[in-house]
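The structure comes first, then the contacts.

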Amino acid sequence: MNESVFAFMDEDAKKEIRRTLLKAVAIPGYTVPFASREMPVARGWGTGGLQITLSLLLKRDCIKVIDQGCDGSVNAVNIRDFIASVSGVKQTFSTREATIIQTRHRIPEHKLAEGQILVFQVPYPEVLTTVEPDTEKQKQMHADSDYSKLWVLLYEDTSQFGDSRISNRYPVEVEDHYVMDPSPIPKYDIPRLNNSPALLLFGAGREKRIYAIPPYTKVEPLKFSDRPFKVETFAGKRCGRCGADNVFLDEVRQGTTSLYFCSDTEYCDSILTEQGDVTGNTESE
Amino acid sequence: MLLEIQNLSKVYGVSCGECLDLTGVADDSCICPVCDSVVAMNRVSLSLDGKEVLGIVGESGSGKSTLLQLIYQDQCPDNGRIFYNGFCDRHGVPLNIFEASVSECSVLRNKEMSMIYQNPRMGLNYLFSAGGNIAEKIIGAGERSYEVVRNRVIELMGRLELPTSRVDNYPDTFSGGQQQRIQIAKALSSSPKLLLLDEPTTGLDLSVQAKLLDLIKELQKEMGFAMIIVSHDLGVINHLTDVTMVMKHGCLVEYGLTDQILEDPQQPYTQLLVSSIL
């Protein structure tokens, strides 16, 4: 009686999620409803991603969980510990070693490989909510591939501010049909969704939606043909810890000065290891 | 032939099956005596040439607006077919627009046809700027270059005598007549071949009405689109249209050249309608 189920959820629940995932993979970018069970964390705290991860886990898997690129933040640690405790799978910080990576708001800096699965935690899965609150109309617009209302937002931002004002959750078009919300990843990560060798899965537990981008799928941000898609740049700045200058940096304010560090902590550590400095001493400030 | 309407019927309510025969001009009612359904459209057939301007007149509830909404696919008919020039299936066979899929019809709605509603609130999105509203239709028709969209928006606003400096202002900061002109600019932005106008000038000041009608007429001559205008104002019909159809109780009462209908009406109802103008 005391024996617990592998990976927390019962097999029927996992089967339902896997069926939903199959449908999501078959129709790239289309949001598929699912039951969204109760989890031991509150909805809105990564339950969508957690349910996908748990439904996919095998004994041989190796799990990594990041929150804004960081393996060590409270939420990431708790979710990873929970997954490991209910399934006994190996946990890791290493992007290369992990078979399933659950993430909140970032894509790891190390290139993902075939066979890896990246699971996104999604707060708002419906990209059309900002322009069309009616769910029935949203569905019709998706079916017609009618995204002119999203384009009008882009047009208005461009005419008033010179460029789109969206900093994260930038709408992307998948395989020339569905436009979807890529979860709140920065614009920097948007081009990295395109043609990804890894399977990308998106789970919104509170909103009860799952969607997917299968490997090697065309993913493009919504943009005018005569306007470039601009991502965050960190020209002249480098990580204060490992010195990397080709990554997404977090700004840390100290009084009047700003320090910059890799948002992906594991990437930062791996650079330091290559340099032979495992202690991770910061440069003199 | 730009538009071919065959035997179009629309009943509001659950039909008993005999509604169409039990209602009409002869019965002087559009409400079925058996099942109380309302017959909004009773076996109407009609065809329209490219560049032709058709007026629809009739009393309130005669089915004028329903006909426009059926053509614009805002509603589905119970019976009948509509063919549009060049709208074919994969094998080149003309396709009834009510049998086409939604995505096939979106070409018609976004590019080939435009609707101008009596109330600009129906045709405009008040959460978007004036320019944004016009841009929506241009983008919907497939344009993806910002410069092209922006220039076309400004050009259209100028053409409709709207202050181009206010392109990024919201519609409710414009006057009623200006809002109607924004709606017309939006409708014309995709260079449609058929413009549907549902009482476009009702509710506007008389002087504004006259200016707007002149503008519509001028644009029609210049751009060469066909129009269907619904109005209960025979002055508007006389001013704008080549042919006129008179409707009552969902039926087509009389059809002919506008001059002929207004000068020499044949049907008793048309005679009453024409003689009742002050």
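## Ground rules

Two residues count as in contact if their C-beta atoms, placed from the backbone, lie within 7 Å. Helices (H or I, at least four residues) are DSSP runs, numbered from the N terminus.

This is a predicted model, where local features need pLDDT of at least 70, side-chain atom pairs count only at pLDDT 80 or more, and totals for chains, interfaces and linings use all residues. Residues are numbered from 1 along each chain as its sequence is written, while chains are lettered from A and ligands numbered from 1 in the order in which they are written.

## Across the chains

Ser148(A), Lys149(A), Trp151(A), Val152(A), Tyr155(A), Glu156(A) and Ser159(A) of helix 5 of chain A meet Gly131(B), Gly132(B), Ala135(B), Glu136(B), Ile139(B) and Gly140(B) of helix 5 of chain B. By class, that's five nonpolar, five polar and three charged residues (Ala, Val, Leu, Ile, Met, Phe, Trp, Tyr, Cys and Pro count as nonpolar, Asp, Glu, Lys and Arg as charged, and the others, Gly among them, as polar).

The two axes come within 9 Å and cross at roughly 130 degrees (axes are lines fitted to C-alpha atoms, for helices over the stretch in contact, with angles from 0 to 180 degrees between N-to-C directions). So helix 5 of chain A is oblique to helix 5 of chain B (under 35 degrees is roughly parallel, over 145 roughly antiparallel, 65 to 115 roughly perpendicular, the rest oblique).

## Within chain B

Helix 5 (residues 130-140) of chain B also pairs with helix 7 (residues 176-188) of chain B: their axes come within 7 Å and cross at roughly 25 degrees. That makes these two helices of chain B roughly parallel. Ala130(B), Asn133(B), Ile134(B) and Lys137(B) of helix 5 touch Ile182(B), Ala185(B) and Lys186(B) of helix 7.
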